[in-house]
Amino acid sequence: MTATRVCALSELEQDTARRVEVEGVPIAVVLDSNGEVHAIGDTCTHGDISLSEGFVEGETLECWAHGSAFSLRTGRPLNLPAYEPVPVYVVQIDGDDVLIDPNLKKEV
Ligand code: FES
């Protein structure tokens, strides 16, 4: 499998999550305030909620439904009610292109 272009880097708003789908896999892409791009599974592990509709706080993405904040680095929820992590994907930047392979998860 190869990485797929999901959006332009210049399209990403800082501290705002953007939902993309690659090969049917929903992924939340986040440009953090340090200029680093993260990609984590978009579906909250507590319920069928899109995390990209939530809030970016530092290096976390918080689910709007019940407040679990997931680490953008490890995918782990930092507080209940969610207790299972979401996957974290490797992000490649090529010029202005943001590329993700949903089969290429980060070892965390
Ligand atoms: S659905 Fe996300 S914390 Fe409950």
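1. Helices and strands are here DSSP runs, numbered from the N terminus; a strand is a run of E with at least two residues. On that basis, the elements of the protein chain run β-β-β-β-β-β-β-β-β from the N terminus on. The chain therefore has nine strands and zero helices. It should be kept in mind that the model is a predicted one.

2. The overall dimensions come next. The C-alpha atoms of the protein chain fill a box of roughly 40 × 30 × 20 Å along the principal axes. Its radius of gyration is 13 Å, which agrees with the value near 13 Å that a compact globule of 108 residues would have. Of the 108 residues, 32% are buried.

3. The contacts along the chain also deserve attention.

4. A record supplies one annotation. In an unreviewed entry, UniProt places the feature "domain: Rieske" at residues 4-100. In the model, this span is 43% strand and 0% helix, and its end C-alpha atoms lie 5 Å apart.

5. Strands S5, S6 and S7 form an open, antiparallel sheet in the order S5-S6-S7. Strand S5 (55-57) and strand S7 (69-71) each have a single partner strand, so they stand at the edges and one side of each is left without a neighbour in the sheet. From one strand to the next, the twist averages 30°.

6. Within that sheet, S5 pairs with strand S6 (residues 60-62) in the antiparallel sense over three bridges. Phe55 stands opposite Glu62 in S6.

7. Which residues have the most contacts inside the largest nonpolar core? They are Ala28, Val29, Val30, Ile40 and Leu61, in a core of 24 residues. At least two residues of this core come from each of strand S3 (25-31), strand S4 (37-41), S7, strand S8 (89-94) and strand S9 (97-105). The most is given by S3, with five residues. In soluble globular proteins, nonpolar side chains tend to be buried together.

8. Leaving aside residues up to four places away in sequence, Leu61 touches Ala17, Ala28, Val30, Ile40, Leu51, Gly54, Val56, Ala69, Phe70 and Leu72. Among these partners, Ala28, Val30 and Ile40 are also listed with Leu61 as residues with the most contacts inside the core.

Key: Residues numbered from 1 in each chain as written. Predicted model: local features only at pLDDT ≥ 70, side-chain atom pairs only at ≥ 80, totals over all residues. Pairing = 2+ DSSP bridges. Helix = DSSP H or I, 4+ residues; strand = E, 2+ residues; numbered from the N terminus. Axes fitted to C-alpha atoms, helices over the stretch in contact; angles between N-to-C directions. Core = buried A, V, L, I, M, F, W, Y, C linked by C-beta atoms within 7 Å. Buried ≥ 20, exposed ≤ 12 C-beta atoms within 10 Å, placed from the backbone. Contact = placed C-beta atoms within 7 Å. UniProt positions renumbered as here; feature names shortened; annotations may be inferred. Rg over C-alpha atoms; globule rule 2.2 N^0.38 Å.
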